[in-house]
Every structure is written in structure tokens, then in C-alpha cells.
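Hi,

Here is the structure I promised to pass on. Have a look at it first, and then read my notes below.

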Amino acid sequence: MNPKALDHFLAGVERRAFRMAMLATRNEPAALDLVQDAMMRLAEKYGSRPEEEWPMLFQRILQNAILDFHRRQKVRRTWITLFSDLSPKGSESEDDQAFEHPLADTADESERQPEALLSRKQTWEQITQAIAQLPARQQQAFLLRYWEGLDISETAQVMGCSEGSVKTHCSRAVAALTKALPHLQSE
């Protein structure tokens, strides 16, 4: 591997890659992370490849990272929305309060009605039961990714497995939960 050639290549694609990631994500921190991760992966896994292969490899890595970002956001939005429906109205932030216990005090009087409290309690119990029914690795991956908000590589590190395994466990967990809780998806 020629480190100077790799540095020169990465410096040359950095701005274009960032613009591409920005257009795809509309989120500057996420775009920066995606480009940085793509550059790191190219250097770590493909830096020893011939220089003429780097442009295509880099684009493939970046596009896969962008697709993974969108998949993760879609799944996260689905579960955040579902769990935030159980949270008190007027909570500080969606991420901070989305997974708090559903029976906490609420600002909205209609949410304090016995029927609403009972409904939230029952929904919360269904969700926790469905999560508890998942196999241990699926449960761990799902909770780390969507509950704790870790990215794939962080989750893989915590779980001591590959990123591909994390993706598989998460995909299976989401499929199982969607099947177990179909009535919650349509609400």
C-alpha cells in the first residue's frame, strides 16, 4: 500500500463524497460520519488494492453506507414513533423520553384519563413481552441499535460479533416484532 497515494486519492474525493452524502441524508453530521467511515473502510480493507480500483470501491462503500443510513433511520423512526406514543406529551426530547415508562405523568389532561393510561400500559406490556420473546442475540442487537441508538459498528463491538451479524439480528428482530405487534404498526 502506498499511503501517500491513498491520502491523495481520499483528499481528491472528499468534497464530492461529502456533497453526495449531504444530498442523500440532509444531515451534516451524518454525512460527515458516512464519508469518514467510507474512507476508513477503504483504507483498512482495500488500501492494498491497485489504485485504479479505489474510485469504484470507494463509491460502492459510500453508497452502501448511505443505504444503510436510510434503512436504519426508517426502522428507528418506526420504533421511536411507536414508543414515543407511549411517552408523556411535552417531554424534553424524543430521544431522551421515547423509551421512558408509559405511565409517567403527562402534561395533557386527556392522556391522564384512565382509558388512555390503561391503553398505554397494555401497549407497553405487549411491546416488552414481544421484545422478551426474541432470541437473546436478536434482543440484544435490537435494544442496542434502536433503544440505545448505537450504530452498527458500535453494536458489533459491544456484542463481540461482525457488523453483518448485527444487521442480520436486527433485521430478524424487526421482522419478528412487526409480526408479533401488527396492530401497533397501523395505529
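One term before we start: contact here means heavy atoms within 4.5 Å. This is a predicted model, where local features need pLDDT of at least 70 and side-chain atom pairs count only at pLDDT 80 or more, while totals for chains, interfaces and linings use all residues. Residues are numbered from 1 along each chain as its sequence is written, and side-chain values use heavy atoms, with hydrogens and water left out.

Now the overall picture. The chain has nine helices and zero strands (helices are DSSP runs of H or I with at least four residues, strands are runs of E with at least two, and numbering starts at the N terminus). Of its 187 residues, 36% count as buried, meaning under 20% relative accessible area, whereas exposed means over 50% and partly exposed lies in between (1.4 Å probe, protein chains only).

Next, the cores. A nonpolar core is a set of buried Ala, Val, Leu, Ile, Met, Phe, Trp, Tyr and Cys residues joined through side-chain atoms within 4.5 Å. The largest one has 22 residues, and Phe 9, Leu 42, Phe 58 and Leu 62 have the most contacts inside it. Helix 1 (3-25), helix 2 (28-46) and helix 3 (54-84) each give two or more residues to this core, with helix 3 giving the most, eight residues. Leaving aside neighbours within four places in sequence, Leu 62 touches Ala 17, Met 20, Leu 34, Val 35 and Ala 38. Another core, of 18 residues, lies apart from that one and includes Ile 127, Ala 141, Tyr 146 and Cys 170.

Helix 7 is worth a look too. In this helix (residues 152-159), Ile 152, Thr 155, Ala 156 and Met 159 are buried. They sit on the same side of helix 7 because they cover an arc of only 100 degrees around the axis (taken from the directions from the helix axis to the C-beta atoms). On the face turned away from that buried side, you will find the exposed residues Gln 157 and Val 158. After helix 7 comes Gly 160, with a positive phi near 70 degrees.

How does helix 7 meet helix 8 (residues 163-180), and at what angle? The two pack at about 100 degrees, with their axes 8 Å apart (axes are lines fitted to C-alpha atoms, for helices over the stretch in contact, and angles run from 0 to 180 degrees between N-to-C directions). Helix 7 contributes Ile 152, Ser 153, Thr 155, Ala 156 and Met 159 to the contact, and helix 8 contributes Glu 163, Val 166, Lys 167 and His 169.

Cheers
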